[in-house]
Amino acid sequence: MPNGQTGFASTSSDAATTLDVAVVGGGLGGLYALHRLRKLGLKARAYEAGSGIGGTWFWNRYPGARCDVESLEYSYSFDEDLQQEWRWPERYGNQGEILRYIEHVADRFDLRKDVQLNTRIVAAQFDPAANLWTLRTEAGEVITAPFCIMATGNLSTPRVPDFKGIHDFKGKWYHSGLWPQQGVDFTGLRVGVIGTGSSGVQMIPLIAQQARHLHVFQRTANFSLPARNAPMDPERERIHKEHYAERRAAAWDTPFAIAGHPPPTQSALDVSEEERNAAYEAKWQEGGSISFLYAYTDLLLNKEANDTASEFVRNKIRGIVKDPQTAELLAPKDHPIGTKRLCLDTNYYETYNRPNVTLVDVRSAPITEITETGVRTTAGDYELDAIVFATGFDAMTGALKEIDIRAGNGPSLAEKWEYGPMTYLGLMVSGFPNMFIITGPGSPGVKTQMIASIQQHMDWIADCIAHVRGAGKSRIEPTGQAERAWVEHVNQVADSTLYPLANSWYVGANIPGKPRVFMPYVGGFAGYAKHCAAVVANGYEGFVLSP
Ligand code: N01
């Protein structure tokens, strides 16, 4: 859209809200941004599309929504009192608990007054002459600020497949990422769940308990491990809290930003099958994905090594699910374990032993349309009262591409990213000065304990803004060369692993037509953080600062 059509021209700048930093998003990233920027004495405000703060944890209220990182780890570490005071009731936080925690943080640090809810940012235009961003909300409000921070999240653009007839369906339909605040009662209903990623895997056991009958429409089987969720062990909590600061520091020195998992020392191929299976069994009993993938050094690097772990889990599935045909359909064979986000569940496979649950293979007989009464596949019709789309998100780039982001007369960000996202460090984009992204493509964010990445990114961004201002400059942006080198590095690292073998949202495979590019940085959190620090130590290497 050319400049004149963005709507900025018709709005007097007198009416604009003027800030030092405009923040887009009121989730964990946006809230921490406000906290950090306030400490710098900057006037910042966050704009949040939802009617409440919390981002992912505000929207994803489906039954069973729960974090797959343990609650004592999945929390902010910037305030010792905060982490000591907060009590997590369970090993893994569920959606309600995590949202309560986020609200507590917002209240404790008085952040709400700088969050504007029900406000969707639809456009952002940088004026290179004034070094000023102008943002526009859906309602037409105009905000100007020299700096802007996109805390828009990675899994915040829910995607419902473009099925023919969806609007003719006479029952109710839902998406996991847009769940009604009041919840949904499926009691006595014939329910269909489409999708078996983390969201589907978490909700299926609970919906099965309510529904008269549940049909699960599976296109691709996913690996899932038992979470072994349980009430928080008070002794474990006490010990953890006694050493919280050291544990956080230790976490920041690991690839996933999660402490408590000693790095493996052996290849899976260096031990006997018996020893290997005993190790996998111990990890299976312990619960959790990091622990399992950390059994050996090469599970994400060597296909032969990975096959041993994949087969162990497939055999577990065959052992749990009583109907052999269903078990075989549930046993993933198209990707190495861990190369898609590994699911954690409570009674997922066991659920298929219930008489009111049917697995429908929509790989061999795809869904052709949604009818007035349910789902039609090439094999037949399924009568349903409710359909749940657990079909995922336009991950990592969706939320940013939905905003019409432009600088000067250059291409929009969506145009620049037509063949895949390009960033430097996942933090900034060449050609888009003074715009920062929290955990964007090219950052390790989604492959780590997300809140650690959010803090590391935002600390870097806050220091960067302070540096630019302190140096009497007005503009910073990465060079095209630094950006290209980073994108190449991200790809090289990914190609040295098994990750690209999977058709996952990491490569945009779940969105028809999305360019297949490996988006997250899988070189590990600790190495990435050190690299970001070195960039600063080398005088913001790869960036250009201008007056
Ligand atoms: O989405 P997904 P998600 N016809 O993209 C299927 C995080 N998360 O919401 O694999 C039929 O993983 C699709 O099939 P296929 C976590 O990072 C975390 O579950 O494309 N099926 C797939 O089965 C996670 O990875 C937590 O063949 C269709 C499913 O829908 C990320 O969010 C909990 C289809 C989508 O799976 C996304 O998870 C929840 C079609 N046309 C989410 N289109 C925790 O912390 C798509 N599918 C635990």
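**Ground rules**

I am working with a predicted model, where local features need pLDDT of at least 70, side-chain atom pairs count only at pLDDT 80 or more, and totals for chains, interfaces and linings use all residues. Residues are numbered from 1 along each chain as its sequence is written, and side-chain values use heavy atoms, with hydrogens and water left out.

**Entry: the ligand**

I went on to the other polar contacts (pairs of N or O atoms within 3.5 Å). A polar side-chain atom of Arg159 lies 3.5 Å from a nitrogen atom of the ligand. For Lys340, I found an N or O atom of the side chain 3.2 Å from an oxygen atom of the ligand. I then checked the cover: the ligand alone exposes 910 Å², and the protein buries 89% of that (Shrake-Rupley areas, 1.4 Å probe).

Two elements give two or more residues to the shell: strand E4 (66-70) and helix H5 (198-210). Helices (H or I, at least four residues) and strands (E, at least two) are DSSP runs, numbered from the N terminus. There are 26 residues around the ligand, and Thr196, Ser199, Arg219, Thr220 and Trp505 come nearest; a residue is near if one of its heavy atoms lies within 4 Å. I sorted the shell by class and got nine nonpolar, 10 polar and seven charged residues, with Gly counted as polar.

**Entry: strand E2**

Which way do the side chains of strand E2 (residues 21-24) point? Val21 and Val23 go one way, Ala22 and Val24 the other, and all are buried (under 20% relative accessible area, 1.4 Å probe, protein chains only).

I traced the partners of E2 next; strands pair if DSSP finds at least two bridges between them. E2 runs parallel to strand E3 (residues 44-47), joined by four bridges, and Val24 stands opposite Tyr47. From E2 the chain passes through helix H1 (residues 28-39) to E3 in a right-handed β-α-β crossover (clockwise from first strand over helix to second, with the strands pointing away from the viewer). E2 is also parallel to strand E10 (residues 147-150), again by four bridges, and Val23 faces Ile149 there.

**Entry: the open sheet**

I read the strand order as E1-E9-E8-E7-E21, with mixed pairing. Strands E1 (17-18) and E21 (404-407) each have a single partner strand, so one side of each lacks a neighbour in the sheet. E1 pairs with strand E9 (residues 142-145) in the parallel sense over two bridges, and Thr18 sits opposite Thr144.

Technical notes. Polar contact = N/O pair within 3.5 Å; in protein donor to acceptor, adjacent residues only side chain to side chain. Buried < 20%, exposed > 50% of the residue type's maximum accessible area, 1.4 Å probe, protein only.
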